[in-house]
Amino acid sequence: MFFQLYARSEQEAHARNHGGRIVSWKDAGDPSPGSFSYGIDPDTSLQLLMWNGSKPYWRTTVWTGYMTAGRYLTAAGNMYLDVVDTDEEIYMAFRVSDGASPMRYVITNSGEYQFLSWNRSSLEWNTIYSWPSLECSKYGYCGPYGYCDFTAEPVPTCKCLDSFEPAIGDEWNSGRSFSRGCRRKEALPCGGGDFLSLPLMKVPDKFVLKTNLTSDECAAECTRNCSCQAYAHAKLSSSSAKGDIGRCLLWLGELIDTQMLGHTRWSRAGETLYLRVPAGFTKKQGQTL
């Protein structure tokens with residue numbers, strides 16, 4: 001087992017999370033602490049973040065309830081991620097298959113989160129994966145209401161969510177900058193609009209967490225809140241200590257750091273985001289929500 005990232009639930013989340021980070025070296029020859037670190041989000045315990053100093057630099061998908069994931073399957077052996085969720089705490093543990101070559105995680109001084117495997121033939125560390133793997137997958141790269149489309153060919157790029165348009169068209173269309181993001185084409189009246197389902201998404205950051213709600217109750221929570229832009233629901237039924245928990249995420253402000261994973265190798269980590277759109281928009285898209 002490599003290491004464990006802990007997060008005390010509820011009251012102790014902030015105190016414990018900050019002690020469970022992986023920290024980069026200052027530079028390749030200086031092992032003193034660098035500017036990049038990686039650990040469990042101290043605000044929610046449902047996702048992992050990489051920071052550059054105090055600013056988010058990259059973020060994983062939000063936990064949807066899986067307890068074991070065969071993350072990295074290689075010729076040198078397999079590495080698994082286990083999530084242990086008890087009444088006292090939630091933590092993630094990494095383990096390797098029997099007989100596997102040594103493996104490790106590294107945060108580089110340039111801000112890469114690398115998964116390495118020891119090559120017994122060449123006697124060197126080989127990089128299996130490295131994140132962020134794409135420019136547009138860095139935190140907030142596509143701006144508010146924009147998303148990084150992993151399915152775009154030939155190169156993943158930024159796009160606006162449905163019913164949104166670029167905030168500054170010239171910058172967006174030329175590819176000079178996507179940081180201003182997108183804006184609604186049509187303002188929504190309080191309590192109005194429909195919900196468009198966007199499957200296989202890495203849902204945005206800055207959500208409000210509600211627990212013990214059904215999917216319908218989660219939708220109702222968003223519908224009656226004029227500030228609610230979107231919601232997502234998952235059943236954390238695999239949490240053995242706490243039973244069947246309905247995880248409801250609400251977005252009451254800008255949607256930031258969103259990705260469309262689609263049917264790529266990361267699709268298993270995606271979930272459906274229900275985006276609030278103008279009334280009648282879902283019918284135009286062939287949806288009847």
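**Stop one: alanine 230**

Select alanine 230 and show its contacts (heavy atoms within 4.5 Å): it touches Cys222, Leu249, Leu250, Trp251, Leu255, Leu273, Tyr274, Leu275 and Arg276, leaving out residues up to four places away in sequence. Before going on, note that this is a predicted model, where local features need pLDDT of at least 70, side-chain atom pairs count only at pLDDT 80 or more, and totals for chains, interfaces and linings use all residues. Residues are numbered from 1 along each chain as its sequence is written, and side-chain values use heavy atoms, with hydrogens and water left out.

Alanine 230 sits in strand β18, residues 230–235 (strands are DSSP E runs of at least two residues, helices H or I runs of at least four, both numbered from the N terminus). Buried or exposed? Alanine 230 is buried, at a relative accessible area of 0% (buried is under 20%, exposed over 50%, partly exposed in between, with a 1.4 Å probe and protein chains only).

**Stop two: the cysteines**

Now pick Cys222 from that contact list. Cysteine 222 forms a disulfide with cysteine 228, sulfurs 2.0 Å apart (the cut-off is a pair of cysteine sulfur atoms within 2.5 Å). The S-S torsion is about -105°, so this link is left-handed.

Next, select cysteine 218 and cysteine 248, joined at 2.1 Å S to S. Cysteine 218 is in helix α3 (215–223) and cysteine 248 in strand β19 (246–251), so the bond ties together parts 30 residues apart in sequence. This one is right-handed, with 80° about the S-S bond.

To finish, colour every disulfide: the structure holds six.
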